[in-house]
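Hi everyone, thanks for making time for this. I have one structure to show you today, so let me put it up on the screen.

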Amino acid sequence: VCASSAECVDRGGVRAMMESALTARDRVGVQDFVLLENHTSEVAFIENLRKRFKENLIYTYIGSVLVSVNPYKDLEIYTKQHMERYRGVNFYEVSPHIYAVSDNAYRSMRSEKRDQCILISGESGAGKTEASKKVLQYYAVTCPASEHVQTVKDRLLQSNPVLEAFGNAKTLRNDNSSRFGKYMDVQFDFKGAPVGGHILNYLLEKSRVVHQSHGERNFHIFYQLIEGAEDELLRRLGLERMAQQYQYLVKGSCPKVSSINDRSDWKVVRKALSVIGFSDDEVEELLSIIASVLHLGNVQYSGEDSGSSYITTDTQIKYIARLLGVDFSVLKEALTHKKITAKGEELMSPLNQEQASSARDALSKAIYGRTFTWLVNKINTSLAFKDKFNSKNASVIGLLDIYGFEVFQNNSFEQFCINYCNEKLQQLFIELTLKSEQEEYEAEGITWEPVQYFNNKIICDLVEEKFKGIISILDEECLRPGDASDITFLVKLEDTVGGHAHFVTHKLADGKTRKVMGREEFRLLHYAGEVNYNVNGFLDKNNDLLFRNLKEVMCSSENRILTQCFSREELTDKKLPETTATQFKNSLAKLMEILMSKDPSYVRCIKPNDAKQAGRFEEVLVRHQVKYLGLMENLRVRRAGFAYRRRYEVFLQRYKSLCPDTWPSWDGRLVDGVSTLVKHLGYKPEEYKLGRTKIFIRFPKTLFATEEALEERKHSLATKLQASWKGYNQKTKYRKLRLSAVQVQAWWKGILARRRAQRRRQAVDTIRRFIKGFMFRHHPRCPENEYFLDYVRYTFLMKLHRALPKTVLDKSWPTPPPALTEASELLRKLCMQNLVWKYCKTISPEWKHQLEQKVVASEVFKDKKDNYPQSVPKLFVGTRLGEVTPNGQERKGFYAVPVTKYDRKGFKARARQLLLTASSAIIVEEAKLKQRIDYSALKGVSVSSLSDGLFVLHVTCEDNKQKGDAVLQSDHVIETLTKVAICADKINNININQSSIKFTLGQGKEGIIDFTSGSELLVAKAKNGHLSVTAPRLNSR
Ligand SMILES: Nc1ncnc2c1ncn2[C@@H]1O[C@H](COP(=O)(O)OP(=O)(O)O)[C@@H](O)[C@H]1O
Ligand SMILES: [Mg+2]
């Protein structure tokens, strides 16, 4: 989205075509000021900043310098995804970001094996500390890590909240203002993993411990401790949960700040201390010191008439003595007296009330300041790269986050030091940016015109020059014997540097300036603006004196942190200690050396308003910063030479598609390729220069046009690419598919073949075994034939199983193999038994009775009488006379059958009925008893072997009642005789005769019946007096 459509038209949409891979929103304004058409216009510059700021695009480049505007609100641009987006990506390919700068420094370190540093500058509250934290977080998240590295990363990250708690405070400019300078080295091993760190700290603003301006606070830790510590801890420290109780915390009348949550910060700090490696004891000792400072602040003095002073209440002294492990009375005396040496003798000289108060404050500052330094050292120990052997190979990225330029209503020694420090950094920036630019042209063999810019070296010299500089003069005043005071220092300044263009005092100023200056002030015209410094306290602060006897007390402390802070050697050292300003100057000089030895990246922070408000862009304020940060000059320098430069390979790679000769690839020298390309593009000679490794393009326009052409070309290329890509894609896909299919087929075929082969092998084995078994089948069981034998048995048993006889009558049975003959026989018996048993279970008693009779019939007649077979299927019955019984009633178990009786003499046939009772056979005629034969009298029965029905019942002759044997004929002769045999129990007495039967007629006479076979039944008396029976032949024998 273009911020103003007019502008879009104006530029012909060229801007929108700028670098690829950006979202529309990211294209608001230009993301690199170098591409600003009107690059000399401050208005255009600030308008670009504003436009982007309104869209929350807080980052913009000037070449490789990152300009960052404090948004004063949380933006969703610091997520892990964002970090990933910037990782390993070319600086220009993504929208400007602090991560891009971080990544660039990291990659330069890795690829060029050169130490890097990231210099973050800007005035107080512009976002330097936040930026440095973002850089650290970026490294912590994106750099490779191992387990050990993880603790290093944690410690690196956790060092921040601790240092901020002890070194940051709320000022009018910033709720979390760094009151110390910090330079942090992050060390990386050869694999690019962060393995250690080291922090250098610069001049803590100690005066804040004892005094704060209105609306400002003491260091965070005091409030955090009071708000956050558990009751028990507070009790041990003798503190109350009320900041207003403590003199050192009430000066700014601002104990609470809405943007700060002391209680939750306390938790963070407490945890961070553990991560860094503080033991619980150490934390307790550290906090004892902090509490002691608060107690010290509450020590009250009263004056005596004599001029000496005394302490009003002992309470605080008691606490301090206990917390720090010092002697109560010694401490008390030290806080009211000063030890002086006169004529080789040590004397205790009383202090007046004012002196005593400042001695007390000096002690507080000293304790706090030294504890802070101890803390930094402690953190350094915890961050130290343990692998001494490899430490030489470690590469380093330095991060400088130092207090920014600041101007208050009343500026003192601290502001003087801070602003001096910023002058030095600006100096470094100017030198390095110009130098590197210059060097680049030189290295590439390009001639160029130097650009004019304001060099602030003159101000640096004013402050730091030996003998003539302000610091030297201050030191001189501090050291010289006699009555030196802040005012004599001011006068001396006027005398010495009074004529300097950047120095003014009330006395030296013109009327207009005089109005805004106090008499005790001097003004420095800094690169970033004019600042009036009040000389009050300059000497004291520079001397930073602590009475000897107070030092002695501290040396005797049992608190282990304090014993490390106050050494006894210090007491005996006769040499004068360096003044604060000189120390600071020297440490800054060292810092510059460190920074100069590294490849710098710059982050220039800008504060959009003084109210710490989101979305507010105060132009005047921003313009001022743009001016003093030298951003316009920076831009001019970048532009004066060439707006754009690219290494040949990068340039050619990007634009080669715009020229047929270089597309799709160029085989010759890179420089020739680029030359061919730009000529084809119609670059005029004044528009570009070819260096040794880079092409330099003078105007952004040229590049824009090229970008535009590329964009158009991309469309057509994209279509072509798409087509061929699609084709390629499909082809590869097809090929892959085919290959997979073939592979699957091959596999499957293999599997099938293997299975078949296995089956065949098994079959061959089986057949072979079978044949062998067959050959050995008559041998006793042995390995050769066991399979065969088992098989034969098995098949026999299976066959038997299928062909078992189903009924008792079924006599079929498979033939067993020889080995199973016996078993087969047993089985057969078993089977038959089983069938019989089953059969028996199913037959009824009547049927059983029937069969029993049939069995008897069979025993008697089978194969003996001709008509027997015909009788077999005919069922035997109980009676054949219907309902008729001898006594007119049916009697069960009795047999009755109609018979023909032949007279004994004439063989006359008469119809009679034969009845069989339990004890006798009775012959009746129509219910008239004709003859009774007791079974006991029945000698036997005779019958012929032919098919006739005649039979003779033989009776004993002794029985006179009998009229002789009875000759009878029954149509059911088999049945009738069977019944007789059973009833009379005469089974063995049935005689079957072949041709004739003799029988008795009574009175000893005998009759004979002759049997012959004929065609039909004929019974008649023959001539010889015999009864002749002709029976038809039924069964041929
Ligand atoms: N990138 C940022 N995103 C959101 N807020 C920020 C950012 N940078 C700074 N701030 C806000 O501005 C305040 C001051 O920033 P800080 O880095 O402490 O300033 P400096 O160190 O330059 O004095 C921070 O406490 C924070 O509230
Ligand atoms: Mg800061």
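This is a predicted model: local features need pLDDT of at least 70, side-chain atom pairs count only at pLDDT 80 or more; totals for chains, interfaces and linings use all residues.

Let's start with the ligand.

Now for some polar contacts. Thr129 has a side-chain N or O atom 2.6 Å from an oxygen atom of ligand 1. For Asn174, again through an N or O atom of the side chain, the distance to a ligand 1 oxygen is 2.8 Å. Gly127 takes part through its backbone: a polar atom there lies 3.0 Å from an oxygen of ligand 1. As for burial, ligand 1 taken alone exposes 550 Å², and the protein buries 85% of that.

Let me move on to a sheet. As a quick reminder, strands of a sheet pair through backbone hydrogen bonds, and they can do so parallel or antiparallel. Here we have an open sheet of eight strands with mixed pairing. If you want to trace it on screen, the order is β23-β22-β21-β20-β26-β25-β24-β27. At the edges sit β23, residues 928–934, and β27, residues 990–993, each pairing on one side only. On average, neighbouring strands of this sheet are turned by 30° against each other, direction ignored.

Finally, how do β24 and β27 run, parallel or antiparallel? They run parallel, and four bridges join β27 to β24, which covers residues 938–944. Within this part of the sheet, Ser944 stands opposite Asn993 in β27.

How values were computed:
Residues are numbered from 1 along each chain as its sequence is written. Chains are lettered from A and ligands numbered from 1 in the order in which they are written. Side-chain values use heavy atoms; hydrogens and water are left out. Two strands pair if DSSP finds at least two bridges between them. Helices (H or I, at least four residues) and strands (E, at least two) are DSSP runs, numbered from the N terminus. Axes are lines fitted to C-alpha atoms, for helices over the stretch in contact, and angles run from 0 to 180 degrees between N-to-C directions. A polar contact is a pair of N or O atoms within 3.5 Å; within protein, one must be able to donate a hydrogen and the other to accept it, and residues adjacent in sequence count only if both atoms are side-chain atoms. Accessible areas come from the Shrake-Rupley method with a 1.4 Å probe; for residues, only the protein chains shown count as cover.
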